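Subject: Structure for you to look at

Hello,

Here is the structure I promised you. Please open it and keep it beside this email as you read.

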Amino acid sequence: MSDTDPGALQELRVVEAELNERWPETKIEPSLDRIRALTDLLAEPQRSYPVVHIAGTNGKSSTSRMIDALLGRIGLRVGRYTSPHLQLATERISIDGAPISPAAYVEAYRDIAPYVSIVDSRGEIAMSKFEVLTGMAFAAFADAPVEAAVLEVGLGGSWDATNVADAKIAVICPVALDHAEYLGSDLGGIAKEKAGIIKPGSVVVLAAQPAEAQQPIMDRIAEVDATVAREGHEFGVLSRTVAVGGQMLRLQGLGGVYDEVFLPLHGEHQARNASLALAAVEAFFGAGAQHQLDVDAVREAFASVITPGRLERVRSAPSVLVDAAHNPHGARALADALSSEFSFRRLIAVISVLGDKDVRGILAELEPVVEEVVLTRNSSPRAMDPDELAGIAKDVFGPDRIVVEPRMDNAVETAIQMAEETSDPGESVSGGGVVITGSVVTAGEARALFGKEPA
């Protein structure tokens, strides 16, 4: 069955309905017992391939995609497990650089369902949706089979279901405050939890961190006798220039300098993600001072990277950009990229956020770079009501820069009209733009509105 086969899509909906009866990804019980029990029954599929494991607050999905592209271009068959998805659940499990088909997703679920039932019957708490999805990914990668798996942590690190895999390479993206209701508001404690993916004898590729986050990570590295490569020391971005459709990079890798690397993504944060990905793949292959990856392969891999919903242009004239920023750290990176790499004379933001996020912090980061905001609601049951959002936004933007449109499609259309408004009769304002942001759910629904396929 193909991706567009109605029967396969219907079966996928049935499977998703079954999975949605389980604990959602927002509800966790800190234990690896259930996922370990499942992988034991499945004969530990996560041990049949080497793993690159990625934790951190922001940048995980983009970095995962870059690592996937690099490993694949160098010649490996790669599996990638990421979360959450933007549009379709199949996006979470990728093989050979593309989401598995709905039919393959259903098959992966049906194959492990009997073993999931056994685990459920043994304990007081049934497996969560994320735990089952993780088991599906592990099994699908073993069946493929893949030669490397890139695993993105779902939430935290130590107690995340992905952590039953023992990664030879652990990547720690920037750590900031998010998911405070699950991880707390102590940056050091959050970093310690994320550092739980670091295993004895592994190589850690570490993004630059705030001092409060750096120390617990370094403590974990010392505790398990891991090796560390640090952004700004062993690797990093030597230079970046804005280019048409992205940026041109000169990267310091573990094995030397890689120049003239075109990355079709916007923002300094994506350049830094690229340096993390490069160092991780160098470490995976044992590259060092005496061994560099093939520069042409590196250039081709980065040039091919696609990151849906990360400053992604979905329309021109006026430009409409979609970004999944959902916390202040991500909103700051978005704002920096919008101000440094685009020259909109009038930028309108469409914003829908989840109610359990730092909404005021997100709005405050965006305020300096957008002229007006259209506040709306995505389809998530956790989405903040637009009128409640407006109450917070008035304090940040003032009442005259706010429009409320409860339906997202209407909100997007309103924002486009606002971006096209004329300054004088008969004279069109050039350089109008729209950015749609505030949540991964918002980004996914915006992509669907503009006819973008899951990727």
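A residue counts as buried when its relative accessible area is under 20%, as exposed when it is over 50%, and as partly exposed in between. Keep in mind that this is a predicted model.

Salt bridges

Side chains of opposite charge can pair when their charged atoms come close. The whole structure holds 28 salt bridges. Here are three of them.

Start with Glu29 and Arg34. Their side chains form a salt bridge, at 2.9 Å from N to O. Arg34 has a relative accessible area of 11%, so Arg34 is buried. Glu29 stands at 29% and is partly exposed.

Next, take Glu341 and Arg240. Their closest N and O atoms are 2.2 Å apart. Glu341 lies in helix α11 and Arg240 in strand β9, so the pair ties together parts that are 101 residues apart in sequence. Glu341 is buried at 11%. Arg240 is partly exposed at 28%.

Salt bridges that share partners also join Glu44, Arg47, Asp166 and Lys199 into one network. Within it, Asp166 and Arg47 meet at 2.9 Å, N to O. Asp166 sits in the loop between β5 and β6, and Arg47 in the loop between α2 and β1, so this pair links parts 119 residues apart in sequence. Asp166 is partly exposed at 44%, and so is Arg47 at 46%.

The cavity

The search found one cavity of 30 Å³ or more. About 110 Å³ of space lies in the largest cavity. Its lining has four nonpolar, three polar and four charged residues. Among them are Ser61, Arg65, His85, Leu86 and Glu91.

Best wishes

How values were computed: Residues are numbered from 1 along each chain as its sequence is written. This is a predicted model: local features need pLDDT of at least 70, side-chain atom pairs count only at pLDDT 80 or more; totals for chains, interfaces and linings use all residues. Side-chain values use heavy atoms; hydrogens and water are left out. On a 1 Å grid over the protein atoms alone, a cavity is a set of points where a 1.4 Å probe fits but cannot get out, and a pocket is an open set with protein on both sides within 12 Å along at least five of seven lines; lining residues have an atom within 4 Å of a point. Grid points are joined across faces, edges and corners, and a volume is the space filled by probe spheres set on the points. Ala, Val, Leu, Ile, Met, Phe, Trp, Tyr, Cys and Pro count as nonpolar, Asp, Glu, Lys and Arg as charged, and the others, Gly among them, as polar. A salt bridge is a side-chain nitrogen of Lys or Arg within 4 Å of a carboxyl oxygen of Asp or Glu. Buried means under 20% relative accessible area, exposed over 50%, partly exposed in between (1.4 Å probe, protein chains only). Helices (H or I, at least four residues) and strands (E, at least two) are DSSP runs, numbered from the N terminus.
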